[in-house]
Amino acid sequence: MKASEELAKRQREWPLSRSDRGAALLAKLAPLDVPELETLRLSSSLVVGEVGRTLPNAKTFHYPDGSHAIMLFSGLIDFLDAVTKILYGATNLFGPQKLVKATSTGEDVTRELQALFERWKPGGISDVVDPALSMSPLTSPAADFADMMAQAAQLFILSHEFGHVLFYRPPGEDDDPYATPVLTRSQEFAADTTGMRNLIRMAKTPSDARMHIAGVVVSLRVLAVFASLGHTFPNDHPQPIDRLYSIARSARAFCKTERDYWSLMPIAYAYDERLEVAGLRAIHSTDPVVPDFDRVFARLSAVLEAAVHRSVPHSKVLDTMRQDFRDVPPTVLEKVAQTAARMFPQVPVETESPTQDALWVEKAKLFRSLYDQWPEVARSAFQNAFEQLSHGKG
Amino acid sequence: MSITGCRNDALVKLLNGVGYQPVLLPRTGLTPPELYVYKNEKLIRRGPLLDYLPPGAAIPDLQRGRLDSIQHHQTDKKSLGVAASFLGDALKCIGITSAPKLDLSFAKGRDITFSFDDVTYEALDPAKIDHMLGDLRTGAIPPEDIKGGYLHIAYDYAFAGSLSMRAAGDSSASFDAKAIQIGTYIDLGSQGKVTATDETTISFASKDGTQAAFAYKIGRLEHRGKKWFFFPEEESGDSFLADENEKEPYLLERGVVLRVEDE
């Protein structure tokens with residue numbers, strides 16, 4: 001098929017310095033869960049491969065014989081690898097009664113990300129910085145998690161490109177022959193949602209699912225930073241920030257319960273915030289990043305979980321949240337409090353997941369036990385929220 | 001099939017940068033527009049476009065001119081073994097299809113560079129090609145080659161009047177070209193003449209001015225419904241990140257010199 005020949009040609013033109021990581025990603029997804037795509041794959045009418053270009057991009061080509069080639073540029077794969085390695089440089093890894101301390105500080109990480117983004121110029125990025133050159137190399141398990149998240153980000157992009165194949169309709173003789181086939185906005189969003197769902201379904205454990213959704217969010221936030229740096233997206237293409245919001249909405253809809261959503265999202269929100277801060281610095285913005293409701297509640301939920309697992313002392317919960325509660329606008333705090341009231345009820349919730357039930361009961365207990373130690377403004381917001389919830393139920 | 005020793009050569013990259021695909025044509029006297037099939041790394045010449053148009057059809061006047069941006073630009077340095085092979089191929093581009101003797105031992109192991117000189121072009125404006133395709137009759141071209149998108153039209157040919165070979169290196173690098181009897185090492189037969197331009201440079205040219213193009217611009221043909229469309233620019237594909245670069249000229253394959261076979 002033409003697609004295979006064209007991919008091979010591109011790989012000759014821009015040779016790879018290692019084995020084809022694009023083909024390896026396709027192998028991870030195979031068999032494809034969309035029958036039309038799987039039929040194309042089996043007949044070699046759909047091929048995926050890495051092309052050794054340094055631009056951080058992926059492209060899908062459609063050929064007159066009905067075949068399609070998805071080409072992932074090495075620059076994109078390397079960029080996402082670098083981003084996740086840097087992010088994990090300042091990530092404390094919490095296991096039951098165990099804490100693997102990060103090797104770098106949050107400030108180190110923000111600075112490295114900023115340097116990475118600053119290498120981007122309109123038209124592409126000349127060379128991806130290897131974080132191993134400027135940061136302490138990651139060791140297991142952080143290195144493994146970083147790889148998993150990078151791979152999730154890359155798989156999300158590949159899944160999105162599948163949407164370009166699935167929605168493609170060959171141009172007719174009366175169509176503008178020089179128009180580039182593009183998806184409609186709704187098809188772009190649908191391709192994102194399908195990619196995100198596939199990745200969550202692929203996760204073998206809840207922990208893997210967190211990594212996978214974090215990979216999705218990281219890939220879109222990277223695009224959003226590119227947009228803020230000056231990369232222009234065509235009008236018919238949704239802006240990355242809109243795609244990011246859309247993914248969060250889709251993830252909410254995909255989760256069976258609100259609790260599942262908050263269990264899924266903490267890493268995604270934490271890294272999203274870190275990338276946004278680095279992106280703002282890259283454009284020399286002095287605007288402070290005021291955490292939004294999602295990020296604040298995700299942080300609260302995550303630090304409570306770490307404390308319940310005894311990876312951190314209870315005082316760490318207070319230390320972590322004090323700044324958020326001081327800085328966020330009252331409306332955000334009110335929303336955080338209302339969510340806390342629903343997520344940390346006095347009467348335990350029973351679901352089909354006893355392990356999660358037990359964890360959230362403990363988190364609720366700890367949250368309530370700290371009540372007297374929250375700043376006054378937060379105490380008041382929580383009090384109101386619990387009363388409103390109780391009246392609502394009454 | 002590409003010729004060896006030229007992948008990502010500086011001159012090849014320069015040609016690609018201005019939209020030319022370096023080629024080694026099977027014979028001299030060919031002019032655009034011509035049909036080609038490029039499939040499975042094989043580039044086959046199918047003949048003049050006029051042969052595929054109804055009787056009475058005419059090709060618009062070709063534009064002709066000099067290509068100053070290309071002439072005198074040198075290839076990468078080549079070792080003696082690669083240089084001998086390259087020279088044999090490059091001579092064909094200036095109309096010297098067979099050379100009885102090509103002995104480069106006078107170079108004494110020095111690396112060598114080449115350049116095409118007196119570079120000109122003959123071209124048909126690609127915008128005019130679309131209008132000629134309404135009555136295209138593909139004849140014996142296999143339908144699967146058409147459906148697969150393997151059909152192309154070359155519309156702009158670059159020719160060289162002469163070829164120069166230089167001793168590579170700093171200013172002290174020299175063949176002592178004036179001192180040696182160049183004719184005892186290189187015999188171009190009746191087709192060509194060789195002269196030592198200076199101590200470091202030897203120049204080759206055909207005796208009768210016959211030329212074969214050494215590069216051409218080409219676009220792909222696509223049949224949609226009952227209409228033909230010609231694409232002289234690279235397809236940009238559906239991008240994950242929008243492409244900000246301007247569209248690039250279409251190339252059969254970057255970084256290589258393709259050997260053309262006659263049908």
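In this predicted model, the axes of helices α4 (residues 74–89) and α5 (residues 106–118) of chain A come within 8 Å and cross at roughly 165°; axes are lines fitted to C-alpha atoms over the stretch in contact, with angles running from 0 to 180 degrees between N-to-C directions. Angles over 145 degrees count as roughly antiparallel, so α4(A) is roughly antiparallel to α5(A). The crossing is right-handed, meaning that the near helix is turned clockwise from the far one by less than a right angle. On the α4(A) side, A82(A), V83(A), I86(A), L87(A) and G89(A) meet D108(A), V109(A), E112(A), L113(A) and L116(A) of α5(A). This contact has 7 nonpolar, 1 polar and 2 charged residues (Ala, Val, Leu, Ile, Met, Phe, Trp, Tyr, Cys and Pro are nonpolar, Asp, Glu, Lys and Arg charged, and the others, Gly among them, polar).

Turning to the two chains, 34 residues of chain A are in contact with 23 residues of chain B, contact requiring C-beta atoms, placed from the backbone, within 7 Å. On the chain A side, α1(A) gives the largest share, 5 residues. β2(A) and strand β13 (residues 238–239) of chain B pair in the antiparallel sense over 2 bridges, pairing being at least two DSSP bridges between strands. Here T60(A) has D238(B) as its bridge partner. Helices (H or I, at least four residues) and strands (E, at least two) are DSSP runs, numbered from the N terminus.

Residues are numbered from 1 along each chain as its sequence is written, and chains are lettered from A and ligands numbered from 1 in the order in which they are written. As the model is predicted, local features need pLDDT of at least 70 and side-chain atom pairs count only at pLDDT 80 or more, while totals for chains, interfaces and linings use all residues.

Terms used
Parallel < 35°, antiparallel > 145°, perpendicular 65-115°, else oblique.
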